[in-house]
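These are my notebook entries on one structure. I looked up its pairing of strands, its nonpolar cores and its disulfides.

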Amino acid sequence: MSIDKFCVIHFCTSLYFKVSTSVLHSNTLFVLVAGVHSISIVSKVSVEAGKSISIPCLYESQYINHVKYLCEGHTWGSCRHAVKTNKPDPSGKYLISDDKEQEFFTVTLNELTDENTDYWCVVEINNGAEFGQYFQLSVISGTPSLYVDHQRITGYIGGNITIRCHHSNSGEMKWRRLGRNCVTGSSGSTDGTTATAYMREQNVFTVKMSGLKSEDSGWYLCAEGDIQIPVYLNVTEKLITSTTTAATTPTTATGSSTTHTVAGSGTITTVEENKEHRSDKFFFVSLYFYAVFSGKCFV
């Protein structure tokens with residue numbers, strides 16, 4: 001395992017205040033450094049035009065109950081609110097969800113074009129104060145320079161999971177958990193879970209995580225240079241399913257029968273008495289009552 005500059009110092013942090021002034025008749029942005037705040041996100045993601053991408057934004061625990069949002073624009077002063085946790089985007093182009101347990105919010109951007117390139121993950125503090133972190137999308141018409149087979153995958157407690165990161169460049173590949181340590185060599189660990197990395201296929205960086213735990217659930221990054229691709233891992237209990245077959249008991253009866261098959265519960269047999277036998281029984285009963293009431297006896 002190797003922990004390098006990419007893992008330790010990866011994000012710029014600043015505190016921003018938005019001030020509205022009636023003198024200028026507009027919203028003017030003033031940048032005031034008033035403390036250290038951070039949001040851990042990707043810096044640049046390559047994505048195919050017309051597709052969707054989900055971007056995680058990891059925030060500090062004191063902002064669990066604060067409003068978060070996505071701002072679109074190259075500079076802070078020109079960005080516009082795209083979607084907020086307390087105000088969804090009616091167009092459906094942007095989606096946002098906040099996982100307060102793991103302290104990150106996720107923004108999903110749909111139907112991307114080459115005009116959708118510059119964004120900010122933002123957390124509101126109070127009284128109009130807010131801080132944000134910039135990220136860039138490289139939207140191209142062909143195959144992205146770095147991508148995975150599935151951006152969201154499921155693993156099972158105690159099991160293994162394999163992630164294949166496809167890349168087109170020759171830079172050093174890295175695997176890390178968002179906001180945590182990196183794995184750059186052939187093996188290492190992320191929060192105590194073993195991770196093995198290898199390049200047996202051309203332009204494919206493969207990571208295998210073994211002995212999964214429920215706390216391994218979260219966002220991870222495949223990275224090559226300044227390009228990353230986020231991958232969400234959901235670790236859960238494996239459900240055990242069993243198949244039960246209903247027992248059937250054979251029934252023997254005199255006369256004709258009709259068998260009905262019932263899905264999942266075997267068969268049900270309905271017995272119909274033989275019509276000829278039923279007629280004979282009716283004849284002798286009638287004869288008995290005739291003898292009783294007429295006082296005659298049949299020998």
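I began with terms: two strands pair if DSSP finds at least two bridges between them. Strands are DSSP runs (E, at least two residues), numbered from the N terminus. The model is predicted, so I noted that local features need pLDDT of at least 70 and side-chain atom pairs count only at pLDDT 80 or more, while totals for chains, interfaces and linings use all residues. Residues are numbered from 1 along each chain as its sequence is written, and side-chain values use heavy atoms, with hydrogens and water left out.

Entry 1, strand β20. I looked up the partners of β20. Strand β19 (residues 218–224) pairs with β20 in the antiparallel sense over 7 bridges, and Trp219 has Tyr232 of β20 as its bridge partner. The hairpin of β19 and β20 has 2 residues between the strands, and in this hairpin Gly225 takes a positive phi near 65°. I then checked burial, where buried means under 20% relative accessible area, exposed over 50%, and partly exposed in between (1.4 Å probe, protein chains only). Of the 10 residues of β20, 8 are buried, so the strand is largely enclosed by the rest of the structure.

I took a nonpolar core as a set of buried Ala, Val, Leu, Ile, Met, Phe, Trp, Tyr and Cys residues joined through side-chain atoms within 4.5 Å. The largest such core has 56 residues, and Leu109 and Leu137 have the most contacts inside it. Strand β20 (residues 227–236) gives the most to this core, with 6 residues. At least three residues come from each of domain 1 (39–140) and domain 2 (146–236); these bounds come from an automatic or database domain assignment. Apart from this core lies another, of 6 residues, including Tyr69, Cys79, Trp120 and Val122. I listed contacts of Leu109 (heavy atoms within 4.5 Å): leaving aside neighbours within four places in sequence, they include Ile53, Leu70, Tyr119 and Leu137.

Entry 3, an open sheet. I found 3 strands in the order β4-β8-β7, with antiparallel pairing. The edge strands, each pairing on one side only, are β4 (53–58) and β7 (94–99). Strand β4 is joined to β8 (residues 104–109) by 6 bridges, and Cys57 stands opposite Phe105 in β8.

With a disulfide taken as a pair of cysteine sulfur atoms within 2.5 Å, I found 3 in the structure. Cys57 and Cys121 form one of them, with sulfur atoms 1.9 Å apart. Cys57 lies in strand β4 and Cys121 in strand β9 (residues 118–124), so this pair ties together parts that are 64 residues apart in sequence. Cys71 is joined to Cys79 at an S to S distance of 2.0 Å; this link is right-handed, with 90° about the S-S bond, and both cysteines are buried. Cys165 is joined to Cys222 at 1.7 Å, S to S. That link is right-handed too, with 60° about the S-S bond.

Gly142 is in the loop between β10 (129–140) and β11 (146–148). At 32% relative accessibility, Gly142 counts as partly exposed. Its C-alpha atom is 8.8 Å from that of Val47, 95 residues apart along the chain.

Notes. Helix = DSSP H or I, 4+ residues; strand = E, 2+ residues; numbered from the N terminus.
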